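This briefing is meant for a reader who is meeting the structure for the first time. Please keep the sequence and the 3D view at hand while going through the points below.

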Amino acid sequence: MQAIETDALIIGAGPVGLFQAFELGLLEIQAHIIDALPEAGGQCVALYPNKPIYDIPGIPVCTGRELVNNLLQQIAPFDPPIHLSQAVTELQQEDDSRFFIRTSAGQSFVSKTIFIAAGVGAFQARKLALDGIAVFENKQLFYYVEEPEQFNQRTIVICGGDETAVEWAIHFASTAKHVTLVHRRSELKADKHILDQFHDLHAAGKITFCIGQATGYASSDDQLTALEVEDLDGHTQTIPLDALLVFFGLSPKLGPIADWGLALSRKQIEVDTARFESSIPGIFAVGDINTYPGKKKLILSGFHEATLAAFAAAQVIFPDRPVQLQYTTTSPKLQQLLGLQKPASD
C-alpha cells in the first residue's frame with residue numbers, strides 16, 4: 001500500500017483533533033486524521049454522547065455528540081480524510097525531516113508535521129476475559145456496533161450495565177428476535193428516562209435482564225452458540241445467542257507514543273506554550289495528551305492550543321511564506337476557503 005503524503009497528520013479525532021483540522025484548513029494546510037475508534041468524536045462520543053456540556057464558548061448547552069457533529073460540519077469545507085478503527089503503531093523521522101507513520105490497518109503516511117490530539121491515549125474496548133473467545137471477534141462477538149441492521153431478527157446477548165449497553169438493549173428490543181442484557185449488579189447506570197424505558201420493555205417481556213457474570217461460552221462448528229452466566233448465588237445458566245455485544249467501557253492506552261522519544265511527564269507530552277510543540281520539532285501535542293505549567297484539561301483549552309499549534313506548523317510547512325493573522329468575519333480569502341463566496345473572476 002503506497003504511503004499517503006500530506007502536510008499534517010492529526011492523531012485523534014476527538015473535539016480538539018477535529019478543531020485542529022479546522023485551524024489548519026484556514027491556513028491552507030492539508031491534513032489527514034487517524035483515530036483508533038470506529039467513529040469520530042473521542043471521549044465525547046465514546047463515553048458521554050448524550051451528557052450535556054455547559055462550558056463550550058457561545059453554546060450554553062450541547063451533548064457530546066452534538067458538539068462533535070458541529071465540529072464535523074465546521075471542517076467539512078476542508079474535507080480532511082478521517083481514517084478510523086486504526087491506531088498509529090510506528091513513527092520515525094526521515095532524512096528530509098518528514099515523518100513516516102504506519103497504522104494498525106497497514107496504512108502508511110509521510111507527513112511534514114504531526115499533531116497528537118489523542119486525549120489520554122488511544123481508547124480500546126475492555127475485552128471479555130474468556131479464554132479463546134477472541135476468535136469470534138467481528139464475527140459474532142462485537143465491542144462496537146457499526147451496522148445495527150446486521151442484528152435484525154437475531155438472538156442477542158449484551159454484556160454491560162452502562163448507558164451504552166442499556167441504550168443498545170432498548171434499540172434492539174424492536175428489531176432483534178430477542179435481547180438479553182447481562183450485568184453483574186441489578187443497578188444500571190443511565191439517565192432516568194432511559195432506565196424507565198428499559199424497565200418498561202423488561203416488564204413487557206421485550207428484554208430479559210440477567211444479573212450475573214459471564215464465566216464461559218458454548219460453540220459448535222466454529223459458531224458461538226451460547227454464553228454461560230453465573231449468578232450471585234453461584235448458579236450457572238446457559239443463554240443461547242446468535243450475537244454477543246460487550247460494552248464494558250473503554251480503556252485509554254498511551255501505546256507506542258511512549259516509545260517515540262518525546263519528553264514525557266506522567267504519561268503526558270511536554271510542550272511549550274507558544275507553539276505547543278513537543279521536544280521533537282515538527283511534532284505538536286494538543287488537548288489532554290499534553291502538559292505544561294498551569295495546564296487545564298478542558299476542551300476549550302484544547303481549542304486554544306490547536307490554534308497556536310496550527311500557526312506554528314505553518315512556519316514549518318511554508319517556511320518562505322509569512323503567516324498572517326486573518327479574521328473569518330472580514331477576510332475574503334478565508335471566506336472563500338470556507339465556501340462562503342466564489343473566487344474572484346479573472
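This is a predicted model: local features need pLDDT of at least 70, side-chain atom pairs count only at pLDDT 80 or more; totals for chains, interfaces and linings use all residues.

Leaving aside neighbours within four places in sequence, Thr 180 is in contact with Ile 156, Val 157, Ile 158, Thr 208, Cys 210 and Ile 239.

- Thr 180 belongs to strand E12, which covers residues 178-183, and Thr 180 counts as buried because its relative accessibility is 6%, where the cut-off for buried is under 20%.
- In H4 itself, which spans residues 163-172, the buried residues include Glu 163, Ala 165, Val 166, Ala 169, Ile 170 and Phe 172.
- As a general point, an α-helix has 3.6 residues a turn, so residues three or four places apart point the same way.

**Helices H1 and H6**

- Helix H1 (residues 15-26) packs with helix H6 (residues 299-317) at an angle of about 30 degrees, the axes being 9 Å apart, and H1 passes H6 in a right-handed crossing.
- On the H1 side the contact is made by Pro 15, Val 16, Phe 19, Gln 20, Glu 23 and Leu 24, while on the H6 side Ile 299, Gly 302, Phe 303, Ala 306, Thr 307, Ala 309 and Ala 310 meet them.
- Sorted by class, this contact of H1 with H6 has nine nonpolar residues, three polar ones and one charged one.

**Aromatic rings**

- The structure holds ten aromatic pairs, and in one of them the rings of Phe 136 and Tyr 217 have centres 6.1 Å apart and planes at 80 degrees, so the pair is edge-to-face.
- This pair links distant parts of the chain, as Phe 136 lies in the loop between strand E9 (122-125) and strand E10 (141-142), whereas Tyr 217 lies in strand E14 (residues 213-220), 81 residues apart.
- Phe 136 is buried, with a relative accessible area of 6%, whereas Tyr 217 is partly exposed, with a relative accessible area of 24%.
- One aromatic cluster is formed by Phe 19, Phe 22, Phe 78 and Phe 303, and among these Phe 19 and Phe 303 also take part in the contact of H1 with H6.
- The charged end of Arg 321 sits over the ring of Phe 318, at 3.9 Å from the centre of that ring.

How values were computed: Residues are numbered from 1 along each chain as its sequence is written. Side-chain values use heavy atoms; hydrogens and water are left out. Axes are lines fitted to C-alpha atoms, for helices over the stretch in contact, and angles run from 0 to 180 degrees between N-to-C directions. Helices (H or I, at least four residues) and strands (E, at least two) are DSSP runs, numbered from the N terminus. A crossing is left-handed if the near helix is turned anticlockwise from the far one by less than a right angle, and right-handed if clockwise. Contact means heavy atoms within 4.5 Å. Ala, Val, Leu, Ile, Met, Phe, Trp, Tyr, Cys and Pro count as nonpolar, Asp, Glu, Lys and Arg as charged, and the others, Gly among them, as polar. Buried means under 20% relative accessible area, exposed over 50%, partly exposed in between (1.4 Å probe, protein chains only). Rings of Phe, Tyr and Trp (its six-membered ring) pair if their centres lie within 6.5 Å; planes under 30 degrees apart count as stacked, over 60 as edge-to-face and the rest as tilted. A charge sits over a ring if NZ of Lys or CZ of Arg is within 6 Å of the ring centre and within 35 degrees of the ring normal.
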